[in-house]
Amino acid sequence: MRLDSARDRRRELLERAERAAEDGSDETAPTRWELLRGRWTVCVRSLASGAARFSRMVTVASKWITFGNADEKVLTPVSFVLSLFVAAAPFTFAYVGLAAQQANELVSLLVGALLASVYVLTVFFFLLPWRPYRWLRHHRYVMDPHPRRSSPQGADRAAGQEADEEADDEGARTGDQGRGRHRAHGVRLLNKLNNPRMNAGRIGSVPPPVTHRIAVNAFLDDLQRVYGAGRGRRRRGTGARPVLVYDQHRLDRVGRYLVWLVEQERLRRAFPDPLLLVQVRDAGLAPLLGGAVDAALYGDLPEYRVGEGEVRSDPEEVRSWRRRRYLAGVLGTERVITARVPALTGASEVLGRRGTPEWVLSGPYLAGMWTSGVAGATAVLTLLGMVFVPSLVQAGNPCVQQGVWQPRGIVRKGDQCVGVTDGAFVFHERLTEVTELIHEQNQEVEASGHPYVTIAHLAEFDVADPEDPSLSGSQGELLGLAYQQREHNRIKDSRYPRVRLLIANAGRGWEHSLVAAKEIVDRAEDERLGMDRPIAAVGFGHSVVPNSNAIKEVGDASLTMVGTTATFDDVAQYGQREHSEFYFPVSPANSRIAEQSAHWAREGVSWRGADGVERGLKRHDTAVAIAGAETDADGGRHEQYGPHLAREFMAAFEDRGGRVWEGARDLGPEEYDGRGVLLYRDGDEDADTTYERQLERLCTDDDPPDLLYYAGRSDDFTEFYRRFIRTGGEDCVDGRMTILGGDDVSKFVSDEEELIGNNADHHSVFYTPLAPSGPWGGPGGSPGGSDQGFYDDIGKLLGELYGDGDGGGDEDGAAERRRDRPPGKAELPSVAHAAVASDALLVVSEALPTVGLTPEELRARGPLRWIGLDRHPYLRTQEQYEEQREELHGAVKRTRNLTGVSGYIEFDTGNEGNWFDGRMVQLVLVGPEVVNPETGERQRQHVVQRCGMRNANTVELGARCLPLGTGNGAGAP
């Protein structure tokens, strides 16, 4: 009916518009707003009509599509048939079981989707359509059947009305309580409107039919909502009031009944409303509505209703008095004002039948205004949120690189960002290219659908000085890990899991290593992560106290750790505890490096280039070592590497008959440890002893040592070397004193080959790298062994990442990763660190157990996994994870017959710290650019001698190599 009315109204407006368009027509054309409103009303009511038809279909479907019916008729029978089919199939056809399982999952998924759809539609079409009937809850005195007191006007109620009050349907009875009562009232009202028997009652009957009273109450409620001051919301500022004007003389029977019923309901409602009734009558005609208020007409106040069908038993006099007092309070003592209207003059004829309409801020109009305002504000805020807010947040928080939130696993500590990432977060600008490469490879692993394991890498990725060489070491480790990750995922067959990497930042100076370590452990203990749980860790490549704390934290979680460049013998020891059984270093220990280095320094090592000039390490009689002795912020012990390496070197040097330089005997313990080691700190020049002060003391002494053993850090060696060649007399300036460095100076000597080469005649440098920084350390056909193509591949990878033109620059997204300018050599990663990190990940790669799943299980792609409701079967449970973790630990412990770029790799579990005494140690000369007899090429770095195992069957035993496994001085040739 409402739809037909809207269509008729639209048709009328269109006909008016056509008539107004005709020439000579006096018809007023409808406004564009009226036409649009007519069309919109038809569209809305058409949708409502369609929704009503669809809701009837949903109602019918909801009776049949229930969980009980689905379980009885579909789920249980299908599950039984499939189980029987699997049991009857031969065991050799494993794919039959997988197919049956997937079919069962698919049926369950489809039934669940169907049930969810029906339930959602039931809510949408059963609950929401009844919301307009909520106002019926305010009229329970109209809708609720209850005994009524007789009154003089209502003593003879019609028999049909008796049936009306007693004919509540079942819906009204069941919905009589709670928030859904309006549905029961709505059902009862609709039944009355559609059932003539239930809609009994004639015009003029007392009391009136319920449907008549409800219609009038709806009319009064609408007026109150639009013109009144609704409780709980702000008054709409308008002085307009609704007015009903009627000519009493011309009213017919129905009109008189409507006016009478409106007044009766207003009296019965007994609360003020905005409606004003204006009755126009002749002076001799009695008013249709009088001013008296009959308090006895409706004698039951809500306060007397104590239960269903029960009324308080107060005396009639008390009840009547209370009713009169109540009505006088809310309606006043007078309700009618009578005024005489003079006759209309001729001037009044200009008045039209319709006056100027006054706009009223109705609910729909306010809703439209609010909707428009909110939509506009939302658009503005969205623009601000997408453009300006992220920029402001990122400018104020360095740990927010995308959006407005810190990534999961990233923690801000002052101006540092520490924690764990899969490559989506870049800890330092210099790490951008290699971090993005790891992120891309991780995404490929996740998207492949193959089983994979997650390996965490812990290192220092933040430095105060952007040109600090120590960052190049961490950068090089990431490069080596990315290379080995690519090789593993490319070469290993489907029996083995692929490798996904996590990058963990220990913070500047490793001061927040525990934060990163705890994040790794938390992820490893989170069973919900599945294959994203770290199963092992690599790195830990700095011999400092916070690194030892991190090793202890990760080891307590039973995660296997493969160390990279940390060489301190007790780096895996915490306090008085034993060394962690889960830490396996691929580098040689400080004690082995120091012992072999001291033997070389004491006995000398001969080496000639292709030109025949002797450039080897000569024999030395006196020596002194210098090492950094940095402390933490609280003044506690921090540095482990330098002092220990220096003491081990000087002890081995003395054991072989060497002498300690006497010029430092009178220094205090903060400058000299009493065992031939000069100590320095990077701090206040007035309060701390710096290496500049130690060099000045050393180079100006009357009897300087023959050899200076540098056991400091690479970031200090840059200025240390420059100051050494300019300080004091001929011993330092003319190069009479030899410099022999530890492994940590690898990055500097690689970057500053030309600087050292230009001073090669007097200031060549010898050092002991953990791995060669280029193919000069071991070509395939020479005594050095094979580099397995590592350096060629790394050269191409560097070209792709940093755009130096060495191949592959336009592949694999390299163009997007390139900078605006090519990086300087000091900004490139350390290739020596890359080689060691690659070997560390190679150990884990070779030790990974098979996934333990059949090819059919690996190929299975169930519907639940497609939509992300089912995890991959690999590492799904805690038992599977622990089994794989323990197998990996055992395989790493048993590592044998494995040769990496840095030499033969094995672990001695009988040795404290799992150190292997047969690891390769190299003595390298940096300086003169001559033809290397091993490579046949001109180069500035030359391997003077190698000592250790080249592979499982070959031991490098040069003229000055100590026998493997001997103590200090034992077996020295």
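Biologist: Is aspartate 744 buried or exposed?

Modeller: First, the ground rules: this is a predicted model, where local features need pLDDT of at least 70, side-chain atom pairs count only at pLDDT 80 or more, and totals for chains, interfaces and linings use all residues. Residues are numbered from 1 along each chain as its sequence is written, and side-chain values use heavy atoms, with hydrogens and water left out. Buried means under 20% relative accessible area, exposed over 50%, and partly exposed in between, with a 1.4 Å probe and protein chains only. Aspartate 744 has 14% relative accessibility, so the label is buried.

Biologist: Which residue forms a salt bridge with aspartate 744?

Modeller: A salt bridge is a side-chain nitrogen of Lys or Arg within 4 Å of a carboxyl oxygen of Asp or Glu. Here the closest N and O atoms are 3.4 Å apart. The partner of aspartate 744 is arginine 713.

Biologist: How many residues apart are aspartate 744 and arginine 713?

Modeller: Helices (H or I, at least four residues) and strands (E, at least two) are DSSP runs, numbered from the N terminus. Aspartate 744 is in the loop between β16 (738–741) and α22 (746–751). Arginine 713 is in the loop between β15 (707–710) and α20 (714–724). The pair links distant parts of the chain, and the separation is 31 residues.

Biologist: Which helix holds both aspartate 556 and lysine 552?

Modeller: Their side chains meet in a salt bridge, 3.2 Å from N to O. Aspartate 556 is partly exposed at 44%, and lysine 552 is partly exposed at 25%. They sit 4 residues apart, about one turn of the helix, and that helix is α16 (residues 545–556).

Biologist: Why does the salt bridge between aspartate 415 and arginine 508 tie together separate parts of the sequence?

Modeller: Their side chains meet at 3.7 Å, N to O. Aspartate 415 lies in the loop between β5 (410–413) and β6 (416–421), and arginine 508 in the loop between β8 (498–505) and α15 (513–524), so the tied parts are 93 residues apart in sequence.

Biologist: How many salt bridges does a search of the whole structure find?

Modeller: Side chains of opposite charge can pair when their charged atoms come close. Some are linked in a network, made of Asp422, Glu446, Arg500 and Asp532. The search of the whole structure gives 31.

Biologist: What is the average pLDDT of the protein?

Modeller: pLDDT is the predictor's confidence in each residue, from 0 to 100. At least 70 is the score of 79% of the residues. The average is 79.
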